[in-house]
Amino acid sequence: MKIDIQQSWWAMNGLGNGHREWTMEEKFEKIAEAGFTGIMGELPKENEKVKWRRLLDEYQFSFGIHSFPSRSEDLQLLLVEAKEFGVQYVSSQVMDDFIIGEEAVQLLKNLVDEAKKANIPYFVETHRGRITQDLIRTVNYVKEIPDLRLTIDLSHYVVAGEGCHSAKAEECFDILLKRTSSIHARVSNGHQIQIDIGSNGSHPITERFVKWWEKGMSYWLQEAKQGDVLPLVCELGPPDYSITKQTSSDSKEISDRWEQAIVFKRILEGAWGRVVQGRLSGTK
């Protein structure tokens, strides 16, 4: 049982040396140099598969993918290609936020069933603007579907108005965290979806997120079997996720997104270490 700290490929958009964006090969090199063990991205297009497979194998990276199904048929087709390509898991932002109630539950059940048939680990991301739009309805999905596993990104619910200190929200978060199968590292302050937490993660809100991540890791460990892997993804999005300021000629990000990704990586490693140590000592 171990973690796999992956860098989001989407989060590499626009990153470079100050004069130009890094090439695909340079991005792989940077990710490896920083100590990441995998990448989360999208399933490569047909004309890019050979290049992707070569680089993934060269750096011995794991590879998980995201998806955006609105019907079980959408996922069914993707799973065939994903299995052929050798992905580690498939995570979905399920479309869309206007599907509610029994219709939403049935769609999620169908997606989980499709993944079971394909024998590929499958998780649904806690994401606003999707079928998981709000905390309460997502809690209901979890209660209705015992084998629904989640990609945890609580920043979406914090920025959607749940805040960070509500006892009711904490109870709901705990229900979701018990289904943790992956974690996306991003911190919201309740006003912006993604903030700069400082070069050592010292922003005061960081501690709340770290506690949630540790709780999710601990729940995962309680159920994990020998050989299971928990993907932890540093997912700091480019503009408009990242905050920008306007200059005389264009807009510029106010944060060093690559530096922040490495900060989050260190925080995730530390959180996992504490959870494992606590389990060994019998305190978690």
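Predicted model: local features only at pLDDT ≥ 70, side-chain atom pairs only at ≥ 80, totals over all residues.
The eight strands of the model form a closed barrel in the order E1-E2-E3-E4-E5-E6-E7-E8, and the pairing is parallel. On average, neighbouring strands of this sheet are turned by 30 degrees against each other when direction is ignored. Val124 has Leu150 of E6 as its bridge partner.

Strand E3 spans residues 62-67 and includes Ser67. The relative accessible area of Ser67 is 5%, below the 20% cut-off, so this residue counts as buried. The side chain of Ser67 makes a polar contact of 2.6 Å with the side chain of Ser92. Apart from neighbours within four places in sequence, the residues in contact with Ser67 are Leu75, Leu78, Val90, Ser91, Ser92 and Gln93.

Helix H2 covers residues 49-59, and its buried residues are Lys49, Trp52, Leu55 and Leu56. Viewed down the axis of H2, these residues fall within an arc of 135 degrees and therefore line one face of the helix. In an α-helix there are 3.6 residues a turn, so residues three or four places apart point the same way. The buried residues of H2 pack against helix H1 (24-33), strand E2 (38-41), E3 and helix H3 (72-85). Just after H2, Gln60 adopts a positive phi of about 55 degrees.

Technical notes:
Residues numbered from 1 in each chain as written. Heavy atoms only, no water. Pairing = 2+ DSSP bridges. Helix = DSSP H or I, 4+ residues; strand = E, 2+ residues; numbered from the N terminus. Axes fitted to C-alpha atoms, helices over the stretch in contact; angles between N-to-C directions. Buried < 20%, exposed > 50% of the residue type's maximum accessible area, 1.4 Å probe, protein only. Polar contact = N/O pair within 3.5 Å; in protein donor to acceptor, adjacent residues only side chain to side chain. Contact = heavy atoms within 4.5 Å. Arc of directions from axis to C-beta.
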